[in-house]
Amino acid sequence: MATPTAYFQRRFVPLEDAKIGIMTHAFLYGTACFEGIRGNWNEDDGCICLFRMPEHYQRLRMSCRILRIDLPYTEDELCDLTRELVARSGYAEDVYVRPIAYKSAEVIGPRMHDVQDDFLIFVMPFGPYLDADAGIRCMTSTWRRVDDLGIPARAKVNGLYVNSALAKTEAQENGFDEAIMLDERGHVSEGSGENIFIVRRGALITPSPSDNILEGITRDSVITLARDELGIETIERPIDRSELYVADECFMTGTAAHVTAVVEVDRRPVGDGATGEITRRLQQLYFEAMRGKNGKYAHWVTPVKPQTAADRPAGRQGVRA
Ligand code: PMP
């Protein structure tokens, strides 16, 4: 039996008790940044494999620097808290961990300075987000990716996800699975919650960090796997919209999305309209690594054994100061 738990105001509390007030600055103005960390259930070992957790906290720290949010924890402390939260929650299935650093004061007025900050983490069961087996159909969004001069996309800012949500809803209401956003210059940027890659004549190409993307951790994992396992170097350069139409393969990467083939863009099949060969091989390598099933990439994975009822101290279930 799971015990839904959150880390909130420096305590582990039952998830249902982790509540913020309606005047919280982050709620009023989106002044928060977050991470999404997958915990992938490994049935053989009976553990949850947290995927590249330190890298996620390094990125959270980067987002905090951009937003001027104080994060008074070391990377080790953040990882320890997360491990403990996942263990206490007791899930024996795929989970998603959501740490948030946020402007917690109940004050009016958009600004970054002189507003108190806080940090919380929750964890929830989370299965597949996109159809990684069949591949997805995408449309080029009419919404532009927010520019670095507006809200920097390399920071995972809560308020920035209005841009993603507008694009995602437009795509789904038009019968597509996912949006591809262009930036103000018309270059391909990313999906609503995914980075994007194309394959042309055997070359792997992805937008560079200066194309208004989030510097994705799955993106980095795929670049590593392509180089070290397939001998393919990734080229980071601007991609035009029309280049999507002539690509041999296209795929998206993300914590939620894993590695998912894009089989159609704007009603044009990508390649022969099925998952391409390089995509398929990268997908397989990624799936093995993220569940801790490839020893070479064991350093990407933090295993956590879920606590059972018998492991918990009586009385103070799930609560610790
Ligand atoms: N871009 C955006 C806008 C995202 O929200 C995500 C998901 N975090 C990604 C890219 C992929 O990043 P990652 O692989 O680190 O999850």
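Helices (H or I, at least four residues) and strands (E, at least two) are DSSP runs, numbered from the N terminus. This is a predicted model, in which local features need pLDDT of at least 70, side-chain atom pairs count only at pLDDT 80 or more, and totals for chains, interfaces and linings use all residues. Residues are numbered from 1 along each chain as its sequence is written, and side-chain values use heavy atoms, leaving out hydrogens and water.

**View 1. The largest pocket and H4.**
Of the elements here, H4 gives the most to the lining of the largest pocket, with 4 residues. Domain 1 (5-127) and domain 2 (136-296) both supply lining residues, so this pocket lies between them; the domain bounds come from an automatic or database domain assignment. Its lining divides into 12 nonpolar, 12 polar and 8 charged residues. Here Ala, Val, Leu, Ile, Met, Phe, Trp, Tyr, Cys and Pro count as nonpolar, Asp, Glu, Lys and Arg as charged, and the others, Gly among them, as polar.

Look for Glu178 in strand S9 (residues 178-182). Glu178 counts as buried because its relative accessibility is 0% (buried means under 20% relative accessible area, exposed over 50%, partly exposed in between, with a 1.4 Å probe and protein chains only). Its side chain makes polar contacts with the side chains of Lys168 (3.0 Å) and Ser192 (2.7 Å). A polar contact is a pair of N or O atoms within 3.5 Å; within protein, one must be able to donate a hydrogen and the other to accept it, and residues adjacent in sequence count only if both atoms are side-chain atoms.
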